[in-house]
Amino acid sequence: MAVHAHPDDESSKGAATTAKYAAEGDDVLVVSLTGGERGSILNPAMDVPGILDRIDDVRREEMAAAAKALGVRHRWLGFVDSGLPEGDPLPPVPEGSFALVPLEEATEALVRVVREFRPHVMTTYDENGGYPHPDHIMCHKVSMAAFEAAGDPERFPDAGEPWTPLKLYYNHGFSLQRLETFADEYDRIDEPFPMRDWMERIRKAAQEHGDVMSRVTTQIDCGKYFPQRDEALRAHATQIDPNGMFFAIPLEMQQRLWPTEEFELARTRVRTAIPETDLFAGIRDAEDADAEDRAADDRAADRAVEGTVR
Ligand SMILES: [Zn+2]
């Protein structure tokens, strides 16, 4: 279960990983906590009359197309986008926004979906929200609270049968090391690096908090699914400029030099060894071990039966 703040976040954070697991036969659900109602139109080609009037519908259609591209199921949780406050001092977020919903209320809504879908693994954002949007910070808080509460029969008794998810990860997409790898390649082929400004921003953030790579525990090899990730991104046509930086680096170069997505194991209820290359590490192993135990028990039972017959 991939928990995200807005429609389009699922396509820019860990998207190829969800596409990979879905393609391999796992049941993958993306949960969008808000409807993205306050996202501004970031693609000049879509900034045309008629789009803003029906932006809610447009974003629903975009999200459905993105989920289809990734091959995942999708659920809206129905909270209202807080928007990204801008200015100095920052204005308050509008009344009724997701960031102002009491944590218990938002947690219960997510617990209900966890108990229904019964995920083994959840993904969300770190305590900084990945980037400081109030809905992303709230997404972190709600996911952590739901991960703790879903298996507890005392918590939210009206929100379904308890279910205990086993692992919880943070997405880590903004790695300086990754950008530097591409920048080196552009130096090598003697061409200007198209993401230099963005890299400098990430470098500044890394100077403050350290590169997110120092927090990464788990890298998922998913380069094969980058085309699906890009198709999902393009489906969010009002939010993503097809000429923008998301598409600046050729797919072939990404697949060759950095074919992974990065995660941080934040909570686990199973034993696993770091570094990992699979979000289900320690879960499938445990299931296999259980199956072996059961098979051994069956064999022992068979022998016991044989013994009585004789
Ligand atoms: Zn977002």
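Start by selecting Asp8: this residue is buried, because 25 other C-beta atoms lie within 10 Å (buried takes 20 or more other C-beta atoms within 10 Å of a residue's own, exposed 12 or fewer, partly exposed is in between, and C-beta atoms are placed from the backbone). Asp8 is not a glycine, yet its phi is positive, about 110°. You'll find Asp8 in the loop between strand 1 and helix 1; helices (H or I, at least four residues) and strands (E, at least two) are DSSP runs, numbered from the N terminus.

A word on what you have open: this is a predicted model, where local features need pLDDT of at least 70, side-chain atom pairs count only at pLDDT 80 or more, and totals for chains, interfaces and linings use all residues. Residues are numbered from 1 along each chain as its sequence is written.

Click on Asp9 in helix 1 (residues 9-12). Asp9 counts as buried because it has 27 C-beta neighbours inside 10 Å. Then go to His136, which sits in helix 5 (residues 134-149). His136 is buried too, with 24 other C-beta atoms within 10 Å. Skip its neighbours within four places in sequence, and His136 is in contact with Ala5, Tyr125, Gly129, Gly130 and Tyr131 (contact means C-beta atoms, placed from the backbone, within 7 Å).

Now show the whole of helix 5. How many of its 16 residues are buried? The count is 12, so the helix is mostly covered. Among them are Pro134, Met138, Cys139 and Phe147. To see what the buried residues pack against, colour strand 1 (2-4), strand 2 (29-34), helix 4 (103-117), strand 4 (121-124), strand 5 (167-171) and strand 7 (260-268).

Move on to helix 6 (residues 176-188) and helix 7 (residues 196-209): their axes come within 10 Å and cross at roughly 145°. Those axes are lines fitted to C-alpha atoms, for helices over the stretch in contact, with angles running from 0 to 180 degrees between N-to-C directions. On the helix 6 side, pick Leu176, Leu179 and Ala183; on the helix 7 side, Met199, Ile202, Arg203 and Ala206.

While you're in helix 6, select Thr181. Thr181 is partly exposed, with 14 other C-beta atoms within 10 Å.

Two cis peptide bonds are worth a stop. One joins Asp88 and Pro89, with omega about 0°, and Pro89 is in the loop between strand 3 (73-79) and helix 4. The other runs from Ile274 to Pro275, omega near 0°, and Pro275 belongs to the loop between strand 7 and helix 10 (284-309).

Then try Arg118, another non-glycine with a positive phi, about 55°. Arg118 is in the loop between helix 4 and strand 4 and counts as partly exposed, with 16 C-beta neighbours inside 10 Å.

Finally, zoom out. The chain has 10 helices and seven strands, its C-alpha atoms fill a box of roughly 85 × 50 × 35 Å along the principal axes, and 38% of its 310 residues count as buried.

Notes
Two residues are in contact if their C-beta atoms, placed from the backbone, lie within 7 Å.
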